[in-house]
Amino acid sequence: MERTLRLAQQTEADELLGRSPLAALVGMLLDQQVPMEWAFAGPYTIAQRLNAEDLDAHDIAAYDPEGFAALLSEKPAVHRYPGSMAKRVQQLCQYLVDHYDGDPAAVWEGVPTGEELLKRLNDLPGFGKQKAQIFLALLGKQLGVRPKGWREAAGDYGEAKSYRSVADITGPESLQKVRAHKQEMKAAAKAAEAKK
């Protein structure tokens with residue numbers, strides 16, 4: 001993989017995301033109900049607390065659940081809901097062990113179509129359709145994973161030169177554009193709700 005991502009906006013955390021397929025998946029999993037930078041810094045924090053250079057699906061899946069929850073809960077916590085997210089991270093890793101021999105890159109390597117890749121991502125624990133589409137867009141736009149029809153499978157998130165999600169963030173400027181888009185979407189949803 002070995003690309004430079006700028007999702008955590010912290011050098012070491014971003015380097016890990018760029019070289020570690022599992023870190024990228026875990027960051028995407030954590031990206032809910034917390035600022036994006038916090039979510040994508042999470043894999044680096046977890047690796048540090050495990051005294052590891054990288055995350056390993058086998059190790060995390062086999063980790064004592066209470067111990068893993070405690071690890072994510074240490075201050076500063078990895079997520080606003082560290083206990084439930086620890087469980088989700090372990091479920092994701094167990095799924096990868098069971099279905100891909102613990103190799104997260106096997107989820108997307110050699111997949112012939114965007115549709116098939118979207119299905120595989122959607123099957124991951126903690127990944128609904130929207131999260132799967134955003135991660136598919138991230139793979140295509142920034143990590144060079146581009147099976148036939150990947151943009152279509154990613155929906156609006158696959159659109160070129162858009163600023164809708166983490167897939168479009170390459171630095172502070174694009175981060176601000178994505179934030180502005182999300183605020184516009186929230187305002188539009190609020191206005192639509194008020195009209196009902």
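Me: What is the content of helix and strand in residues 26-184?
Reply: This span is 59% helix and 0% strand, and its end C-alpha atoms lie 27 Å apart. Helices (H or I, at least four residues) and strands (E, at least two) are DSSP runs, numbered from the N terminus. The UniProt record, an unreviewed entry, places the feature "domain: HhH-GPD" at residues 26-184; UniProt positions are in the numbering used here, feature names are shortened, and annotations may be inferred rather than shown by experiment. The model is predicted, with local features needing pLDDT of at least 70 and side-chain atom pairs pLDDT 80 or more, whereas totals for chains, interfaces and linings use all residues. Residues are numbered from 1 along each chain as its sequence is written, and side-chain values use heavy atoms, without hydrogens and water.

Me: How many helices and strands does the protein chain have?
Reply: The protein chain has 10 helices and 0 strands.

Me: Why is the ring pair of Phe127 and Phe135 given its name?
Reply: A search of the whole structure finds 3 aromatic pairs. In one of them, Phe127 and Phe135 are 6.2 Å centre to centre with 90 degrees between the planes. Rings of Phe, Tyr and Trp (its six-membered ring) pair if their centres lie within 6.5 Å; planes under 30 degrees apart count as stacked, over 60 as edge-to-face and the rest as tilted. The pair is therefore edge-to-face. Ring pairs also link Trp108 with Phe127 and Phe135 into a cluster.

Me: Are Phe127, Phe135 and Asp14 buried or exposed?
Reply: Buried means under 20% relative accessible area, exposed over 50%, partly exposed in between (1.4 Å probe, protein chains only). Phe127 has 5%, Phe135 has 0% and Asp14 has 6%, so each of these residues is buried.

Me: What does Asp14 approach with its side chain?
Reply: Asp14 is found in helix α1 (residues 11-19). A polar atom of its side chain lies 3.1 Å from the backbone nitrogen of Gln9.

Note on methods
A polar contact is a pair of N or O atoms within 3.5 Å; within protein, one must be able to donate a hydrogen and the other to accept it, and residues adjacent in sequence count only if both atoms are side-chain atoms.
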